[in-house]
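Have the viewer open and follow along.

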Amino acid sequence: MIGLMGTFDDFASRLAGARHVVALAGAGVSADSGVPTFRDARSGLWAKYDPTELASPQAFARDPQRVTQWYDHRRQLALQCAPNGAHEALATLEHWLSEHGARFTLLTQNVDRLHQRAGSQCVHEMHGTLLRWRCSACGAEALETHPEPFAMHPPGCARCGGPRRPCVVWFGEMLPAEALRAADAAVADCDVFLSLGTSAVVYPVAGYIERALARPGTLAGEINPEPTPMSDGFDLVLRDRAAAAVPGLVQAAIERGGNGR
Ligand code: BV8
Ligand code: ZN
C-alpha cells in the first residue's frame with residue numbers, strides 16, 4: 001500500500017498508467033447479475049443450510065444428492081444470468097490496457113463464468129466453475145451448459161457410471177495449482193491491485209489481498225458496499241455496488257489515460 005495523497009482522480013490516473021493491473025473478483029461482482037453472493041446462496045429452499053455444510057467433500061460424501069441438487073440449481077441460475085456492467089468494464093479495461101502495452105490479470109472467486117461471457121480473456125478461476133462437472137470415480141470431466149436440470153442426482157458418469165460433482169473447490173480442498181501459480185506471479189508483479197465485491201475472509205485467496213496491501217509501490221483499491229476486514233489497508237475505497245463503481249472507475253481511467261500515457 002502506498003499513501004494516496006489525492007483522490008479518485010489520482011487513483012484513476014494511476015490505474016491508466018499502470019504496468020500490470022490485478023483484479024480480484026468476489027461474489028459481489030456477480031450480485032448485480034442476479035447471482036446470489038456465496039453467503040446469500042442459501043435463498044429459499046437452501047436457507048436452512050450453511051454453505052460450508054454444502055460446499056465440502058464431507059457434505060458430498062454424506063448426501064451426494066442434496067449437494068449436487070444445490071450445485072445444479074446454482075449452475076442453472078448462472079446460465080440464466082447475464083454479465084453486468086462490472087464484468088463488462090473489467091473486459092474493457094483488459095482490452096484498453098493491452099492496447100497500451102500493459103498487463104491485466106483477473107483472479108475470480110466466482111464460479112459462474114460471467115467474466116468470460118463478458119469477454120475477459122485472462123481469467124483465473126481460483127475456486128473452479130459450476131459449468132464443468134467431473135466423475136468422482138474415474139475423473140472424466142465435461143462442460144454442462146444445458147439449461148435444464150440433470151436427470152438424476154448425483155448425475156452419473158457416461159464412462160463408468162460413477163457419481164459426478166461440480167469442478168468447484170470445496171472447503172478443505174486445494175485450489176487448482178495453475179490458478180495458484182498465476183495468482184502468485186501476478187500479485188508479486190502488479191503495480192495496481194483491485195479487490196472487487198469480496199468479503200476477503202476465505203483463504204488462501206484472501207491472502208493475496210494481504211500480500212498486495214503489504215507490497216511497497218502497489219496501489220490498492222477496494223469496491224464493496226460494505227466494509228471488509230482489509231478495508232483500512234486500501235489507498236482508495238469505493239463504498240458502492242460493483243455494477244456502478246467499476247464502470248465509473250474504468251471510464252475515468254480511460255479518459256485520463258487517453259491524454260498521453
Ligand atoms: C483450503 C467454491 C486446505 C464453492 C468457495 C477449517 C476447515 C477447513 C478449511 C478451513 C478451516 N478454517 C479455515 C479454512 C480455510 C478455508 C477458509 O478460508 N475458510 C473460511 C470460511 C475461514 N479455506 C479453504 O478451505 C480452502 N481450501 O484451505 O485447503 C488444504 C491445504 C492443503 C491440502 C488440502 C487442503 C478452499 C476455499 C474455497 C472454498 N470454495 N467457493 C462454491 O461456490 O460453492 S468459497 C466461496 O466463499 C466463494 O467462492 C468465495 O470465494 C468465498 C467468499 O465469498 P465472496 O466471494 O467473498 O462472497 P461472500 O458472499 O462471502 O461476500 C460477498 C461480498 O460482496 C460481501 O463483502 C458483500 O459486501 C459484497 N457485495 C454484495 N453485493 C455487492 C457486493 N460487492 C459489490 N457489489 C455488490 N452489488
Ligand atoms: Zn467415471
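First, what counts as a pocket: on a 1 Å grid over the protein atoms alone, a cavity is a set of points where a 1.4 Å probe fits but cannot get out, while a pocket is an open set with protein on both sides within 12 Å along at least five of seven lines, and lining residues have an atom within 4 Å of a point. Keep in mind that this is a predicted model, where local features need pLDDT of at least 70, side-chain atom pairs count only at pLDDT 80 or more, and totals for chains, interfaces and linings use all residues. Side-chain values use heavy atoms, without hydrogens or water, residues are numbered from 1 along each chain as its sequence is written, and chains are lettered from A and ligands numbered from 1 in the order in which they are written.

Now the largest pocket. It has 44 lining residues, with A27, T37, F38, R39 and N110 nearest its centre. The space in there comes to about 910 Å³ (grid points are joined across faces, edges and corners, and a volume is the space filled by probe spheres set on the points). Sorted by class, its lining has 23 nonpolar, twelve polar and nine charged residues; here Ala, Val, Leu, Ile, Met, Phe, Trp, Tyr, Cys and Pro are nonpolar, Asp, Glu, Lys and Arg are charged, and the others, Gly among them, are polar.

So where is ligand 1? It sits in the largest pocket, meaning that more than half of its atoms lie within 2 Å of the pocket's grid points. The elements giving two or more residues to its shell are α2 (27-31) and α5 (64-80), with helices (H or I, at least four residues) and strands (E, at least two) taken as DSSP runs numbered from the N terminus. The largest share, three residues, comes from α2.

Zoom in on the shell: 32 residues surround ligand 1, and the closest are Y71, V169, G172, Y203 and N224 (near means a heavy atom within 4 Å). For polar contacts, look for N or O pairs within 3.5 Å. A backbone N or O atom of G172 lies 2.7 Å from a ligand oxygen, a polar side-chain atom of Q109 is 2.9 Å from an oxygen of ligand 1, and one of D32 is 3.1 Å from a ligand nitrogen.

Finally, the second largest pocket has a volume of about 200 Å³. Its 14 lining residues include E125, G128, C167, V169 and P176, the closest to its centre.

Technical notes
A polar contact is a pair of N or O atoms within 3.5 Å; within protein, one must be able to donate a hydrogen and the other to accept it, and residues adjacent in sequence count only if both atoms are side-chain atoms.
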